[in-house]
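Me: Please take a close look at one part of this structure, the annotated domain, and describe the helix contact in it.

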Amino acid sequence: MLVSQPDYTIRTMTRAELDLCIEWAAQEGWNPGLNDAQVFYLADPQGFLVGLLDGVPIASISAVRYGPDFGFIGFYLVTPEHRGKGYGLAIWKEAMARLQGRLIGLDGVVAQQANYQRSGFKLAYNNVRYQMVSKPVQADAAGDLADVREVSLTELFAYDRRCFPRQREAFLEYWIQQPGSHAKAVLINGVLRGFGVLRACRVGYKIGPLFADDEMIALQIYGALTEEVETGSQIQFDIPDQNQQALSLVRYLGMEPVFETARMYTGCAPALDMHRMFGVTTFELG
């Protein structure tokens, strides 16, 4: 049934409520980053909604805006005891209204594609989470390794735009500097040819984004990032299944698939350099 109770309200989250939302995500097995709440909130402080029943948070969703014409939906959660009662649908509609007039993307549970299609979403491709226990990686030097923070932001933003539907300068600048993270780049003749970010999570680490011109560069970045963590740590990253070089990379590393999402958009899928996308940034914000 649809929500009709006057005791259910939906509003913009406070920063503290986003911490609660992150905790819900951890309980669902999403393995959020230790600093995700702070960085996500800085990306769009008005982009997170909470549903409250009698003043108590029971539902969440993000509707983060990138520029004037793109948005991304994530963190779509309802506490288990309140599912199936229409609370989720109500907050979903509010998020869609917040992003009205924009192209909207999401990474949804594959089994829920039909529900998203009813809201106008179309499948673009699947993202697959791969996982392994970290170990030393043998990688030839495809180029010169550098800390991403030493790379020109203008060049970094331009490379990122090849692999993400819109500019996201503020978010990316926060992302590469978050505590507990490592960010590496490869340059050839002084030109940026790929970069990646590794961040600490509830369990182990996640790599994302991992964008590179080719598999050899991606492997060099992966090896440099995993050198920063203790051997035996859990490593995860999420690849688009359309990138055959990325599939080759995870096979070479011996990684195993553990989870899959459907990347969907409300309109035509943006033209991205899929061959450069070895790891998406995050399922929650795109």
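Reply: The UniProt record, an unreviewed entry, lists residues 8-140 as "domain: N-acetyltransferase"; such positions are given in the numbering used here, feature names are shortened, and annotations may be inferred rather than shown by experiment. This is a predicted model, in which local features need pLDDT of at least 70 and side-chain atom pairs count only at pLDDT 80 or more, while totals for chains, interfaces and linings use all residues. Residues are numbered from 1 along each chain as its sequence is written, and side-chain values use heavy atoms, with hydrogens and water left out.

The span of residues 8-140 is 29% helix and 38% strand, and its end C-alpha atoms lie 57 Å apart. Helices (H or I, at least four residues) and strands (E, at least two) are DSSP runs, numbered from the N terminus.

Helix α1 covers residues 15-27 and helix α2 residues 36-43; their axes come within 9 Å and cross at roughly 125°. Axes are lines fitted to C-alpha atoms, for helices over the stretch in contact, and angles run from 0 to 180 degrees between N-to-C directions. α1 and α2 are therefore oblique to each other, since angles under 35 degrees count as roughly parallel, over 145 as roughly antiparallel, 65 to 115 as roughly perpendicular and the rest as oblique.

On the α1 side, the contact (heavy atoms within 4.5 Å) is made by Arg-15, Leu-18, Asp-19 and Ile-22. On the α2 side, Asp-36, Ala-37, Gln-38, Phe-40 and Tyr-41 take part.
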